[in-house]
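The following note sets out numbered points for a colleague who wishes to read this model residue by residue. Please keep the structure open while going through them.

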Amino acid sequence: MPLRASKPSGLLYLEDRQNTAYPGLIPSLLEAQSFTCQEMQKHPKKMFEDPKRKLLIILAVLMLPSSAQTGNMDKLLGHHCTDFQTANFLRGSKLKVQFLLFTSSSPTCGELISADDGIKNCSFNSSLETKIIIHGFRALGTKPSWIEGLVQAILHTSQVNVIAVDWVYGSTGAYPSAVENVTRLALVISQFISKLLALGVSGTSIHIIGVSLGAHVGGLVGHFHGGHLGRITALDPAGPKYTRASPEERLDPGDALFVEAIHTDADNFGIRIPVGHIDYFVNGGKDQPGCPRFISAGLLEQAGVNMSRLPQEVKVFLMTSPSAPFCVHHSLVEFHLQKKRNRVTSIEISFSSNSTKDTAKITIPKDQETGKQLLAHQVPLCQINSVTLKYIPKNRFWSKDEPSIVGKLCVAPLPLNSSRIMSCLPWSLTLHSKTDISYDLPTACA
């Protein structure tokens, strides 16, 4: 079968002068494509010493469409694109773990990698930050629908290694069975990370992103590494079986140098207790008014976090808007009574701009002078034209509340820092019962 190879215009061509059909060609091509990067490292010359194999490899390259068009082949002689496994939820689940590597050069093609020394010659770059994504319970044994979006969002912004942990087999079936696999999976991932550390990867450059059960898996992985890994981000950490668990059995602030948790389903399957240095209970951590499919904003470039040991726990309560882009501005509002009252004081406060109006309620406890509230508003504080206050008395049929109150209003945009301080209206306000009173709110834009 005389074949001639030529290379006009920088392209490789093969011509079969006899137009011969090649029996068994397709299986051979598949075999030629099946080399993993580890095999190439162990036998770098073996692939090319056999003339027939060399020819098959060239043919394989020609017959394969562009990876940009098909997504089936990412490298000329490298890895196949590997997808998540699919498990049968009726069969109970053995733990079959895959580590899929995604990089900026192949954000849609998962490279199946192992933790042996061969990883050095694959796409993994030990000088870059590494983000490890761990999914949670998969009742039907299917691939998480959000995984591709999260991987691509990270790689769109940062040049990092993204490793998706596929444990679909171990997470399917009954929820208690998946919980039983959490510790086993954490040991597997911990051993994998130990191999990375042995290759020179910095522990502080490792960022684990765990969803649901995956958050507690990440916590155990961090625990096995003595809390020295850089960061753990828990997205809706699972509640069932973990709400009453000890810190050694679940995610807690000691599992990494920085642990953060975003709670968005605490009234159903999410955990209701703080588990990190910072816990975000978005809209109270319960029902979300039109949330996006995934949260990527805080997952990139270490989000400005200095990787050093932090206090055990900080609570942050934030709100979102019901429509895109969901983000809002937050201001701290305070009302200081001129004198204490022997009953609870309620004041309704509204910020108004040219096109928006946002309202909150300040409650001053009995026998106290100051009430504070977080007010979420759609435009920056400097674009607020006026503030409206209304005193709401607590009248009962046997006694009436005071008809008016006197006090002072103070406002500050959050977060507070050296350039953002609390500013107060320079005069005392007299608020009459159920009467709106508006004032200009002069605040300069930075």
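This is a predicted model: local features need pLDDT of at least 70, side-chain atom pairs count only at pLDDT 80 or more; totals for chains, interfaces and linings use all residues.

1. Aspartate 367 sits in the loop between β14 (357-364) and β15 (370-377); helices (H or I, at least four residues) and strands (E, at least two) are DSSP runs, numbered from the N terminus. Although aspartate 367 is not a glycine, its phi is positive, at about 65°. Its relative accessible area of 43% makes aspartate 367 partly exposed; buried means under 20% relative accessible area, exposed over 50%, and partly exposed in between (1.4 Å probe, protein chains only).

2. Residues are numbered from 1 along each chain as its sequence is written, and side-chain values use heavy atoms, with hydrogens and water left out.

3. Lysine 241 also has a positive phi, about 80°, although it is not a glycine. Lysine 241 belongs to the loop between β8 (231-235) and β9 (258-263). With 58% relative accessibility, lysine 241 counts as exposed.

4. For the chain as a whole, the secondary structure comes to nine helices and 20 strands. Of the 446 residues in the protein chain, 44% are buried. Among contacts with a separation of 6 or more, 70% are accounted for by residues 24 or more positions apart; a contact means heavy atoms within 4.5 Å.

5. How many disulfides does the structure hold? There are two disulfides, a disulfide being counted where a pair of cysteine sulfur atoms lies within 2.5 Å.

6. Cysteine 81 lies in the loop between α5 (67-70) and β3 (98-103), and cysteine 109 in strand β4 (residues 106-113), so the pair ties together parts that are 28 residues apart in sequence. The link of cysteine 81 and cysteine 109 is left-handed, with -110° about the S-S bond. Cysteine 81 is partly exposed at 24% relative accessibility, whereas cysteine 109 is buried, with a relative accessible area of 3%.

7. The sulfur atoms of cysteine 410 and cysteine 424 are 1.8 Å apart and form a disulfide. Cysteine 410 is in strand β17 (residues 404-413) and cysteine 424 in strand β18 (residues 423-424), so this pair ties together parts that are 14 residues apart in sequence. Here the link is right-handed, with 100° about the S-S bond. Cysteine 410 is buried, with a relative accessible area of 4%, and cysteine 424 is partly exposed at 39% relative accessibility.

8. Helix α8 (residues 175-198) and helix α9 (residues 213-224) have axes that come within 8 Å and cross at roughly 40°. Axes are lines fitted to C-alpha atoms, for helices over the stretch in contact, and angles run from 0 to 180 degrees between N-to-C directions.

9. Which residues make the contact of α8 with α9? Those of α8 include Tyr175, Val182, Leu185, Ile189 and Ile193, and those of α9 are Leu213, Val217, Leu220, Val221 and Phe224.

10. In helix α6 (residues 147-157), the buried residues include Ile147, Leu150, Val151 and Ile154. Among the elements that cover the buried residues of α6 are β3, β4, β5 (130-134), β6 (161-166) and β7 (206-211).

11. Valine 344 is located in the loop between β12 (329-337) and β13 (345-352) and is partly exposed, at 33% relative accessibility. Valine 344 and threonine 363 are 19 residues apart along the chain, and their C-alpha atoms are separated by 7.0 Å. Not counting residues up to four places away in sequence, valine 344 touches Thr363, Ile364, Lys366 and Lys394.

12. Leucine 429, in strand β19 (residues 429-432), is buried, with a relative accessible area of 0%. Leucine 429 and lysine 408 are 21 residues apart in sequence, and 5.8 Å separates them from C-alpha to C-alpha. Residues touched by leucine 429, not counting those up to four places away in sequence, include Phe335, Leu389, Ile405 and Tyr439.
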